[in-house]
Amino acid sequence: MAWHGWLGALVLLADQALLPWQIPVLARWFTPVMWTAYILLADALVLRREGRSLLHDRPREALLMATASIPLWLLFEGYNARLRNWAYFGVPEDPWVAAIAYAWAFATIWPAIFVTAELVGCLRDRRAPAFRRVDPRRVPLDAAGWLGIAAGAAMLLAPVVRPSPWLAAPV
């Protein structure tokens, strides 16, 4: 396995093992550190299995994905301001340090989603049709496709029209 996978695994294990002691610096930075370590480990596993991976072969794409992840997650934060579905605890008190913590944590979301998709894709049973790769440019927009788009739009609008913490999941 690539060195970054071993680093990710070591950080995941060490941080998890130290969690019961609630060491302030580890507890405060737990989320971004753990997600970053997961991305490193998952990417290295994909690299080992497929011979290519996001971080190894497409680092600029990974950086762009991490950068785009921040404002994309801020959209969810906007919904949360209306829904009040979740809160953050243990965030650094200094606003600048808190902004760095939030940015780092939010930057891990989209890379984690896509590296997980790659990991599931390379571990799948190659005969399983449920995991076949689909080129989104070749998916026809038939009635079912338009119904899916309409349902997605309704899920995005429902919390705005009728705020409820129960409507956070559809967003």
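How many cavities of 30 Å³ or more does the structure hold?

1. The structure holds one such cavity. A cavity is a set of points on a 1 Å grid over the protein atoms alone where a 1.4 Å probe fits but cannot get out. The space in the largest cavity is about 30 Å³, a volume being the space filled by probe spheres set on the points, which are joined across faces, edges and corners.

2. This is a predicted model, in which local features need pLDDT of at least 70 and side-chain atom pairs count only at pLDDT 80 or more, while totals for chains, interfaces and linings use all residues. Residues are numbered from 1 along each chain as its sequence is written, and side-chain values use heavy atoms, without hydrogens and water.

3. The protein chain has eight helices and zero strands (DSSP runs: H or I of at least four residues for helices, E of at least two for strands, numbered from the N terminus). Its C-alpha trace spans about 55 × 45 × 30 Å along the principal axes.

4. Lining the largest cavity are D15, L18, L19, Q22, I23, L26, A27 and F30 (lining residues have an atom within 4 Å of a point). Helices α1 (3-18) and α2 (24-28) are the elements that give two or more residues to this lining.

5. D15 is found in helix α1.

Key
1 Å grid on protein atoms, 1.4 Å probe; cavity = no way out; pocket = protein on both sides within 12 Å on 5 of 7 lines; lining within 4 Å.
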